[in-house]
Amino acid sequence: MAKRILFLLNRAPYGSSYALEAIESILVAGVFDQEVSVLFTGAGLYQLLSEQDGGAIGGRTVGKMLGALPEYGVTELFACRPSAERLGLTDANLCLPVTWLDYAEQRRLIGRQDVVTG
Amino acid sequence: MVISIAVHGAPYASAGSRTALRFAESALRLGHRIHRVFFYHDGVLAAAGQGVAPQDEEDLHAGWVRLGESHGVELAVCIANALKRGMLDEAERDRYEKDAATAHPAFTIVGLGQLIEAMTAADRFVTFAA
């Protein structure tokens, strides 16, 4: 039976390998037909910036990998509104459409899950 | 209860590996079953068979091996994360024609599907972040 799995992405895209490797696991969760959601918080919002080019530093482009999520059946993308306000980011800066959540809405999203992981 | 565990942090560098080991040992002691421990990100370095623990610190690698060999817990290492960090079992050493197998045989090198299976097959999935 499919499980509701939420991935919390809270790390900047290029400071470490965490973002890239986390996205790889999210794509596989999509392939395995789970009910997958993703919540971007804090510096993790930078993963969604448009105009990224990981090739410039010899790596893959995190934003482009995120762009593959819908093809893998992962369409429930959420982002922390207070984080965006703190970082000065809006929809216009992002490469994918997200649903903005305040803290109470994030608590409810987390509460609905079978699994919450990073 | 059936529990799966994810370990994201490297032993010693992150407290996560030690905390996860303690959690696993306690869960077994309390009668729970560990379905799988999945090592991801820098967590894969727990498999390093050539590490030497400092004399005045707990040997975390030995702790994980004990969990696998004495308690029959599956210790699964993500293949993509392992290869780029130099963690190879004998099969991967042969495939990539490297000098040595660096992962202890108590650990098995597996694909990411096993991470998702670890989530779906367990009552609880507990992540120890880096």
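Contact means heavy atoms within 4.5 Å; helices (H or I, at least four residues) and strands (E, at least two) are DSSP runs, numbered from the N terminus. This is a predicted model, in which local features need pLDDT of at least 70, side-chain atom pairs count only at pLDDT 80 or more, and totals for chains, interfaces and linings use all residues. Residues are numbered from 1 along each chain as its sequence is written, chains are lettered from A and ligands numbered from 1 in the order in which they are written, and side-chain values use heavy atoms, without hydrogens and water.

**Helix 5 of chain B**
- Its buried residues (under 20% relative accessible area, 1.4 Å probe, protein chains only) are G113(B), L115(B), I116(B), A118(B) and M119(B).

**Sheet of chain B**
- Here 5 strands form an open parallel sheet in the order 4-3-2-1-5; strands pair if DSSP finds at least two bridges between them.
- Strand 4 (107–110) and strand 5 (124–128) of chain B each have a single partner strand, so one side of each lacks a neighbour in the sheet.

**Strand 2 of chain A**
- Of the 6 residues in strand 2 (residues 35–40) of chain A, 5 are buried, so the strand is largely enclosed by the rest of the structure.
- Strand 2 of chain A pairs in the parallel sense with strand 1 of chain A over 6 bridges, and with strand 3 (residues 76–80) of chain A over 4 bridges.
- F40(A) stands opposite L9(A) and opposite A79(A) in strand 3 of chain A.

How values were computed. Buried means under 20% relative accessible area, exposed over 50%, partly exposed in between (1.4 Å probe, protein chains only).
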